[in-house]
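Here are my notes on the model you sent.

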Amino acid sequence: MKKQASAKNKPSADGRMPLTTTNYIMMLAGFAVIVLGLILMAGGRSESGEVFNYGMFSFRRITLAPIVVLAGFIFEIYAIMRRPKVKK
């Protein structure tokens, strides 16, 4: 005896894609924010090996860049989870 599939597990009959163009554009914007955060983390090389560069402990690398990367990942999750508005 077969069990009937619930309405939740059935594929959508209208044939629409789960992500729209707006979702993909938002995902690209989130990716750009993540790359910006990684660029902000880069750098800090000293001119010679004998001199220690305290520039690696700057506000930009320790605080700002990780916040920007985290915001980019949160925006990516929102871009994927966002549902398109249904026209009636």
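1. Helices (H or I, at least four residues) and strands (E, at least two) are DSSP runs, numbered from the N terminus. Axes are lines fitted to C-alpha atoms, for helices over the stretch in contact, and angles run from 0 to 180 degrees between N-to-C directions. This is a predicted model: local features need pLDDT of at least 70, side-chain atom pairs count only at pLDDT 80 or more, and totals for chains, interfaces and linings use all residues. Residues are numbered from 1 along each chain as its sequence is written, and side-chain values use heavy atoms, with hydrogens and water left out.

2. The protein chain has two helices and zero strands. Helix α1 covers residues 21-41 and helix α2 residues 59-81; they pack at an angle of about 165°, with axes 8 Å apart. α1 is therefore roughly antiparallel to α2 (angles under 35 degrees count as roughly parallel, over 145 as roughly antiparallel, 65 to 115 as roughly perpendicular and the rest as oblique).

3. Which residues make up the contact of α1 with α2: nonpolar, polar or charged? They divide into 19 nonpolar, four polar and three charged. Here Ala, Val, Leu, Ile, Met, Phe, Trp, Tyr, Cys and Pro count as nonpolar, Asp, Glu, Lys and Arg as charged, and the others, Gly among them, as polar.

4. Of the 88 residues of the protein chain, 15% count as buried. Buried means under 20% relative accessible area, exposed over 50%, and partly exposed in between (1.4 Å probe, protein chains only). The protein chain exposes about 7,900 Å², and carbon and sulfur atoms supply 67% of that area. Accessible areas come from the Shrake-Rupley method with a 1.4 Å probe; for residues, only the protein chains shown count as cover.

5. Contact means heavy atoms within 4.5 Å. Among contacts in the protein chain with a separation of 6 or more, 72% come from residues 24 or more positions apart.

6. Asn23, in helix α1, counts as buried because its relative accessibility is 0%. Leaving aside residues up to four places away in sequence, Asn23 touches Ala79, Ile80 and Arg82.

7. Thr21 also lies in helix α1, but is exposed, with a relative accessible area of 58%. Thr21 and Pro84 are 63 residues apart in sequence and 9.7 Å apart in space, C-alpha to C-alpha.

8. Val35 of helix α1 is partly exposed, at 33% relative accessible area. From Val35 to Ala65 the C-alpha to C-alpha distance is 10.0 Å, across 30 residues in sequence.
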